[in-house]
2 protein chains.
Amino acid sequence: MHLLRSSLKNSNKSKNILIVLDGVGGIPNKYKTELEFAKTPNLNKLIKKSETGCHIPIKEGITPGSGSAHLALFGYDPLDFNIGRGVLEALGLDIDIGPKDLAIRGNFASVKKENKKLIVTDRRAGRIKTDENNRIIKKLSQNIQTIGKYKVFFKSGLEHRFVCKISCPTKVSKDECDIQDTDPQVIGYSPLDPINLNKKSLKTSIVVRKLLDKIRVVLNNEKNANFALLRGFSTYPSIPTFDTLYKIRSASVTTYPMYKGIGRLVGMEPLSLKANNLQGQIEAIKANINNYDFFYLHIKKTDSFGEDGNFKNKVKEIEKFDKFLPQLLEFNFNVIAITGDHSTPSRMKSHSWHPVPVLIRSDNSFSGLSKRFTESECLSGSLGIFEAKHLLTYIFAHAGNLDKFGA
Amino acid sequence: MHLLRSSLKNSNKSKNILIVLDGVGGIPNKYKTELEFAKTPNLNKLIKKSETGCHIPIKEGITPGSGSAHLALFGYDPLDFNIGRGVLEALGLDIDIGPKDLAIRGNFASVKKENKKLIVTDRRAGRIKTDENNRIIKKLSQNIQTIGKYKVFFKSGLEHRFVCKISCPTKVSKDECDIQDTDPQVIGYSPLDPINLNKKSLKTSIVVRKLLDKIRVVLNNEKNANFALLRGFSTYPSIPTFDTLYKIRSASVTTYPMYKGIGRLVGMEPLSLKANNLQGQIEAIKANINNYDFFYLHIKKTDSFGEDGNFKNKVKEIEKFDKFLPQLLEFNFNVIAITGDHSTPSRMKSHSWHPVPVLIRSDNSFSGLSKRFTESECLSGSLGIFEAKHLLTYIFAHAGNLDKFGA
């Protein structure tokens, strides 16, 4: 898909924005979805001039993780490109990941000894504060720098989360990262062994074992965070970037590290924010409006409240976005696309496979088919139900950036 | 598709049912389709809590046979897996078919000699009774057991139908079964020769010729059934089963042999019925509710009346099903999916390519978009128009049986 699009991309100037309200889609909670319940006068006005439809993130009935869902929105086939969770997290923390690196998500955890076995008593070490996390990471960094020829690097995330990067002597393949997560997922059990899940990952799994032994020793006297659970062993996926494929300068405008990371993976430069909120994001766009051709604006909290099962607050987040919308319209983008990366129905408290509403506003919109930016109204739009990987083609098409296919 | 689904399938417990009203879809006969005309108070009630859409059995504009349409409903790409009609029929009659077997559908037929040529005077031998069929098959079995190194086995079907299995000395490929049907399709013509349709099927086609010569001799003195027409030469397709792919126990609840056969092909155990009707089918489910995770319930007559062009009786069959529906709801399935395998509009008196309504009832349904289980109402549903091979993914998704794809 991305190669066809790339082959047709012309050099016409345009300035476009893709706005992702994370997990915005829902299913009716009694009678209405979150989007149906929300008061959205500005979206209601915008949709009158917009082309609409619904996207399926991956395939019919498949619920996506955030990484896959975003890759699809960025125009890649998510079945061809898969990002490991460790890499996503690392990129989000501004850690450079290259082809020799093995990236791992870590949680500090509390363990106790029982009958000579370690038992996990808290998978998040009591959700220690980020300051505390910083202190412990410093200690780990001072004490663990290499395992044989492998270099080890730690970086703090928020609360109990951290990332560990193992730089290998040579390029590391996807198969070599196929190592079992050590998080037992429930308390009262021992941490799992980092078993090699295929023959090729034996060597790296031994390195991880040694790493865990060292971590155990260094953290031995910690009160809460006296061990770590490791997950999402992964290496850098090789994804052709926006600048390579389309010769455009693209920027991500996000408040959460993860999304900055995935944007960077496809060549989007993260804009720095003065305030870590929507107002800050809009100001960052304003300050950089002349520096980029494509902006990716990510709003997280719709998903978070969906995951919490908090219908009311998800509605509020949608309404909050609606209030800021007029400011975004002032930039006079050629194309504004608004959608979610997937649905997170608060009734389900989780990501889901349900179709996600899409709105595309440009001078070339087939408008007038949907009265509101809701799932059911967008189902009547001229885009119908389509796979998310096609959205970017629509955006470029609306912007006049794609040549004709064929003679 | 089935591999992606299989890779995401988790071990969460659920109990689901797929109800197939054969050929239920229609096109308006004057003003209404059969589903629109039927009085269906129970379906009307159920659909209020259901997610809806329409499926296309194979691809846009392609009319399916029963085998392909069912394989798609069972989640296989019908373009990758093709079951020969002979095999389907054989499986339906409880005949074991393996990789060395060539399966053939047979019709007893009436022929006469005219100018030294055989002429078909009745393609169904006056629809002889099944008892009569049994007698003739016994005679054939006693007289024809081998053709060189090839073993021959006959089994009676209903009325004029039978199945012949030729067990070859070695494994037989799909190409080796590519032999022309001998049924001329109209009376007054000679039976066709079992011509080899490619080089690889020459050897087997000669065996079939010899078989026909022997059949002609054995049946020479029969009054009606003095010859046989052979069709659907085919061998066993290798299809991964439900238990292998999804680790679930599945059962078929069918009144017609063909559908038992196709269920068995994908690993469904056929439930035995005390009465060969819907009440018997429901009682079989009741008796086995704890033994299986997935039930496939097949209702045949909607298709039969469609094929006959009998609008009124097709409507009646739909209404009959509606009356039984409350009994099916009492089992408290996690997911109930109701659809057809294809459309059989009574106006067309044949299978067709038209989209078939789908209803999925679960706790995770995007409900409220369709007021009735009809073609036009289901077109407004959130599933849109999708290929039938995705239905099983939706069923598993609704049941909470699929993990997230990607990080």
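1. A word on terms before the strands come up: two strands count as paired if DSSP finds at least two bridges between them. Also keep in mind that this is a predicted model.

2. With that in hand, look at β1(A) and strand β12 (residues 335–339) of chain A: they run parallel and are joined by five bridges. If you want a residue pair to click on, A:Leu18 sits opposite A:Ala337 in β12(A).

3. β1 also pairs with another strand. Strand β1 (residues 16–21) of chain A and strand β11 (residues 294–299) of chain A pair in the parallel sense, over six bridges. Two places to check are A:Ile17, whose bridge partner in β11(A) is A:Phe295, and A:Val20, which stands opposite A:His298 in β11(A).

4. Zooming out, these strands belong to an open sheet of eight strands with mixed pairing, in the order β10-β9-β11-β1-β12-β13-β2-β14 (chain A). The edges are β10 (269–270) and β14 (385–387) of chain A, each of which pairs on one side only. Helix α10 (residues 278–288) of chain A packs on the sheet, where it touches β9 (250–253) and β11 of chain A; the helix direction makes about 160° with that of β9(A).

5. Is β1(A) buried or exposed? Six of its six residues are buried, so the strand is largely enclosed by the rest of the structure. In a regular strand, side chains alternate between the two faces of the sheet. Here A:Asn16, A:Leu18 and A:Val20 point one way, while A:Ile17, A:Ile19 and A:Leu21 point the other way, and all are buried. The cut-off for buried is 20 or more other C-beta atoms within 10 Å of the residue's own.

6. On the domain level, chain A splits into domain 1 (2–83 + 239–398) and domain 2 (89–235). Their C-alpha centres lie 33 Å apart. Seven residues from domain 1 of chain A and five residues from domain 2 of chain A make the contact. On the domain 1 side, the touching residues are four nonpolar, one polar and two charged.

7. Last, the two copies. Chain A can be laid on chain B with an RMSD of 0.3 Å, by a turn of 123° and a shift of 0.5 Å along the axis. The copies are thus related as by a three-fold rotation axis. Only 3% of the interface residues of chain A are also interface residues in chain B, so the copies meet through different surfaces.

Technical notes
Residues numbered from 1 in each chain as written. Chains lettered and ligands numbered in written order. Predicted model: local features only at pLDDT ≥ 70, side-chain atom pairs only at ≥ 80, totals over all residues. Least-squares fit on C-alpha atoms with pLDDT ≥ 70 in both. Contact = placed C-beta atoms within 7 Å. Domains from an automatic or database assignment. Nonpolar A, V, L, I, M, F, W, Y, C, P; charged D, E, K, R; others polar. Helix = DSSP H or I, 4+ residues; strand = E, 2+ residues; numbered from the N terminus. Axes fitted to C-alpha atoms, helices over the stretch in contact; angles between N-to-C directions. Buried ≥ 20, exposed ≤ 12 C-beta atoms within 10 Å, placed from the backbone.
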